[in-house]
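Open the model in a viewer and keep the selection tool at hand. The stops below can be taken in order.

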Amino acid sequence: MRVVVFSAKPHDRVFLSEANAGRHELVFLEPRLVIETASLAAGAQAVCLFVHDHADEPILAALAGLGVRHIALRCAGFNNVDLASAARHGISVARVPAYSPHGVAEHAAALLMTLNRRVHRAYLRVRDGNFALEGLLGFDLHGKTVGVVGTGKIGVCFAAIMRGFGCRVLAHDIAQNPEAVALGVEYCLLDRLFAESHVISLHCPLTQQTRHIISSASLARMRNGVFIINTGRGPLIDTAAVIRGLKSGRIGALAIDVYEEEEGVFYEDLSGGILADDQLARLLTFPNVLVTSHQAFFTREAILAIAKTTIGNLDDFTAGRACPNELRI
Ligand code: NAD
């Protein structure tokens, strides 16, 4: 089967080709899937998409017109695909539900530790011959309260790491995870989590209910100096509200691996140009803000698992087998 792989990066070529072992005809293309690039899928029965590829109604109609019958997402989140529209066009959709929850949770922990102990500042400072301690004061995580929003595969790994540091962990989810309960995590309403947590880490999916879960209203209910970590999805945070929160000191530190307007910026080398996004540019001026470019998933183990599962999903589709990773509305 011919499969057009959109947003293909060098690691996609290496790991997908290896897992594929010549079974499918993989065509690697660098552009993202947007309406202008949809025609590049001509002749393919399937497309393979990543987090910044769009599959909304007009694009799905275009893909269906070209004969595309399957979308293989090489990610867990699927907020970028209109599943109802895909079903109407007879296009099945499969994803990679889990690859390395540890990798994402460990990245969230790395962001927190970096910000708290000012490692990002110390790294630059000592290279410039400045060995002073001023401005580098952190706090012991031990004994602090960490709020975890979303205790699925990643959230529970993050909670385990925080329990290992000796933190009290509060959690909020629409369903309790027995693994989290066994770790000693205490479930509570969002209001209490916001009010009591020194650190809040977001691990829920982006839905209508979770969009802007961090807003001016929720920030007003948090501790002064709260640390906020987002490795979930950019729109979980109202960026304008957190900029106000950082300026007023309500937020003590912010780490984001995902950003509301990351498409067209994250994963691109824009170092030779002018950053057009004023909000992102403002965020980058704060010494207590750390931004990484949607890389939390990016470990060898995760990329290998993503490639294997994606090719497995394509195998199921070509064989007409039921696929355990197929998404239904
Ligand atoms: P998961 O499905 O295992 O867990 C998500 C959890 O969120 C579930 O327990 C679910 O009940 C809960 N949830 C749903 N709605 C909620 C709400 N309104 N309030 C609180 N909790 C709610 O998913 P996962 O594998 O743990 O991934 C979590 C998210 O992390 C994904 O949706 C994705 O957006 C993001 N992610 C980011 C990266 C990255 O590289 N930064 C990589 C993988 C996943």
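**The sheet**

Begin by selecting residues 168-172, which are strand S7, together with S8: the two pair in the parallel sense over 2 bridges. The model is a predicted one. Within this pair, pick Leu170 and then Glu186, its bridge partner in S8.

**The cysteines**

Now select the cysteine sulfurs. How many disulfides does the structure hold? There are 0. A disulfide is a covalent bond between the sulfur atoms of two cysteines.

Go to Cys188 and look for the closest cysteine sulfur, which is in Cys204. The distance is 14 Å, so the two are too far apart for a bond. Cys188 is buried, with a relative accessible area of 12%.

Then move to Cys323, which is in no disulfide either: the nearest cysteine sulfur belongs to Cys48 and is 13 Å away. Is Cys323 buried or exposed? Cys323 counts as buried, because its relative accessibility is 12% and the cut-off for buried is under 20%.

**A nonpolar patch**

Finally, show the surface and select Leu270, Leu275 and Leu284, which make a nonpolar patch of about 250 Å². Where is Leu270 placed? Leu270 is in the loop between strand S11 (251-256) and helix H11 (278-283). With a relative accessible area of 41%, Leu270 is partly exposed.

Definitions and conventions:
Residues numbered from 1 in each chain as written. Predicted model: local features only at pLDDT ≥ 70, side-chain atom pairs only at ≥ 80, totals over all residues. Heavy atoms only, no water. Patch = residues over 30% accessible without salt bridge, like charges linked within 9 Å, V, L, I, M, F, W, Y side chains within 5 Å. Areas by Shrake-Rupley, 256 points an atom, 1.4 Å probe, with all protein chains shown as cover. Salt bridge = Lys/Arg side-chain N within 4 Å of Asp/Glu carboxyl O. Helix = DSSP H or I, 4+ residues; strand = E, 2+ residues; numbered from the N terminus. Buried < 20%, exposed > 50% of the residue type's maximum accessible area, 1.4 Å probe, protein only. Disulfide = S-S within 2.5 Å. Pairing = 2+ DSSP bridges.
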